[in-house]
Amino acid sequence: MPATIILETTMKHLRLRATTVVLIMLCLMYFITYLDRVNVSTAAAGFGKEFDLSKTQIGLVFSAFAYPYLVFQIIGGWVSDKFGAKRTLIYCGILWGIATILTGFAGGLFSLLLARLLLGLGEGATFPAATSAMSRWVAKENRGFAQGVTHAFARIGNAVAPTLVVFIMATHGWRESFYICGVISLVWVLVWAFVFAEHPEKHPRITKEELAILPAVKKSTPKIPWGPLFKRMLPVTIVYFCYGWTLWLFLSWIPQYFLHSYDLDIKKSALFASSVFFAGVIGDTLGGIVSDRILKRTGNLKRARSQMVSVCMLLTLLSLLPLLVTHNVYVSILCLSAGFFFAEMTIGPMWAIPMDIAPQYSGTASGMMNTGSALAAIISPVLSGYLIDRFGSWELPFVGSMILMGFGVLLAFRMQPDSKFEHSVADGAANSLKAGA
């Protein structure tokens, strides 16, 4: 066989499938968005000292991004369902990249808050838009894995951020860490604009084999039944709030926890924080794989999604309990790593649920769900900072996490992913006539 034919055959086999390229781009987006939103937790050691901020004020900086992030979850989901994930993520990416760069130009508390608000505005629609894209680009049997692996990359962003920011701060300064992260975001936007197609069949490199396994989703989006859909997603949203409380406690305060609770230097505290976040990377990936495997083996969505979430939340609660009775840095690392691991195992099944329940409105439905985490992102960092300032205890904020995880264990059984949301214009008209009668 001539060398040219061998080379062409090899390149054909090495070339990534279109569905794989899309998933890789979404993974990179999740990584970058979390790098941009949690770099502030480590950089707080620099700007907190420079601007003489209290722990409560630093908590406000952490949570400021969550206010517009909360508002734009549902709006962003609706926009992505109506106008497409491609355009939504291009505009969002430009906005969050600029916001990250502007954070480096902050001159005090007020400008820090403004930059973080702009970041939340830019990132508000990202995950609902990504879920909308996955509803067309990922087979039903692989939804748990796709959501798990993308969120695993988000946790890699969490894990990389402390070490990366400390390195940049040591060599340049805390401002430069935001400049670099912002430029990375803008590069991703440029690549996304060239490699993504809204509908798989229009992608120039899609194959017939790939199209055969992808779900058939209507190109025209029907009118969204806001009331019924919100009611259907409410238990999912509350469960995700319970999870989000712990997530934002970890993302906001874990680097500071090791730095101050154990009087470690910033490099060692960043290393310990990264080890906790890497446990989440494993949890995200494994959670999606396990959820899909349960679904393939049993065909039972309730067992693969709801029951798995409930078990993982219980294990999170049990993992954090030793923090209340001992103060040892290595015990803390083990407890926090185990807690974050089991909490993150819920991500794959949780983000698959909006696609299971309402595939035609997956962007809007996932936006509704993520308002739970966004609301937690507003309250958890600030309340935790207040408790630390008021009582001087770095372990006290974890009590709230354990209580909410216990509540989530029970409420997870109400999510019912096996019951697909069905609603039509005719249904709405019939309900209106009944109400009039």
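Is Q416 buried, exposed or partly exposed, and why does it count as such? At 35% relative accessibility, Q416 counts as partly exposed, because the intermediate class runs between the 20% limit for buried and the 50% limit for exposed residues. The legends below describe this and other sites in a predicted model.

Figure 1. Most residues other than glycine have a negative phi. Q416 has a positive phi of about 50 degrees although it is not a glycine. The loop that holds Q416 runs between α17 (397–411) and α18 (425–436). For D52, likewise not a glycine, phi is positive and near 55 degrees. D52 belongs to the loop between α2 and α3. With a relative accessible area of 68%, D52 is exposed, whereas Q416 is partly exposed at 35%.

Figure 2. The protein is divided into domain 1, residues 17–210, and domain 2, residues 225–422. Their C-alpha centres are 19 Å apart. Domain 1 supplies 50 residues to the contact, and domain 2 supplies 55 residues.

**Figure 3. The largest nonpolar core.** In soluble globular proteins, nonpolar side chains tend to be buried together. Here the largest nonpolar core has 120 residues, and F47, F258 and L336 are those with the most contacts inside it. Helix α11, residues 226–261, gives the most to this core, with 18 residues. Domain 1 (17–210) and domain 2 (225–422) each provide at least three residues of this core. A second, separate core has 5 residues, among them A279, M308, C312 and F341.

**Figure 4. The surroundings of F258 and S269.** F258 is one of the residues with the most contacts inside the largest nonpolar core. Residues up to four places away in sequence being left out, F258 touches D263, L264, S269, F272, A273, V276, V329, I333 and L336. S269 counts as buried, its relative accessibility being 3%. With residues up to four places away in sequence again not counted, S269 touches P255, F258, L259 and L264.

**Figure 5. M368 in helix α16.** Helix α16 spans residues 362–391 and includes M368. This methionine is buried, with a relative accessible area of 2%. Apart from its neighbours within four places in sequence, M368 is in contact with I74, W226, L229, F230, M233 and T237. M368 and V21 are 347 residues apart along the chain, and their C-alpha atoms are separated by 27 Å.

**Figure 6. The buried residues of helix α3.** In helix α3, residues 55–64, the buried residues are I58, G59, V61, F62, S63 and A64. They pack against α2, α4 (66–83), α6 (109–123), α11 and α16.

**Figure 7. W78 in helix α4.** Helix α4 contains W78. This tryptophan is partly exposed, with a relative accessible area of 33%. Leaving aside its neighbours within four places in sequence, W78 is in contact with F83, I224, W226 and T364. W78 lies 15 residues from S63 in sequence, with 24 Å between the two C-alpha atoms.

**Figure 8. The largest pocket and its lining.** The largest pocket holds about 250 Å³ of space. It is lined by 13 residues, of which R17, T19, L23, W137 and N142 are the closest to its centre. The elements giving two or more residues to the lining are α2 (18–50), α8 (143–171) and α10 (208–213). Of the elements, α2 gives the most, with 3 residues. By class, the lining comprises 8 nonpolar, 3 polar and 2 charged residues.

**Figure 9. I184 in helix α9.** I184 is placed in helix α9, residues 174–195. At 34% relative accessibility, this isoleucine counts as partly exposed. I184 and Y240 are 56 residues apart along the chain, and 29 Å separates their C-alpha atoms.

Conventions
Residues are numbered from 1 along each chain as its sequence is written. This is a predicted model: local features need pLDDT of at least 70, side-chain atom pairs count only at pLDDT 80 or more; totals for chains, interfaces and linings use all residues. Side-chain values use heavy atoms; hydrogens and water are left out. A nonpolar core is a set of buried Ala, Val, Leu, Ile, Met, Phe, Trp, Tyr and Cys residues joined through side-chain atoms within 4.5 Å. Buried means under 20% relative accessible area, exposed over 50%, partly exposed in between (1.4 Å probe, protein chains only). Helices (H or I, at least four residues) and strands (E, at least two) are DSSP runs, numbered from the N terminus. Domain bounds come from an automatic or database domain assignment. Contact means heavy atoms within 4.5 Å. On a 1 Å grid over the protein atoms alone, a cavity is a set of points where a 1.4 Å probe fits but cannot get out, and a pocket is an open set with protein on both sides within 12 Å along at least five of seven lines; lining residues have an atom within 4 Å of a point. Grid points are joined across faces, edges and corners, and a volume is the space filled by probe spheres set on the points. Ala, Val, Leu, Ile, Met, Phe, Trp, Tyr, Cys and Pro count as nonpolar, Asp, Glu, Lys and Arg as charged, and the others, Gly among them, as polar.
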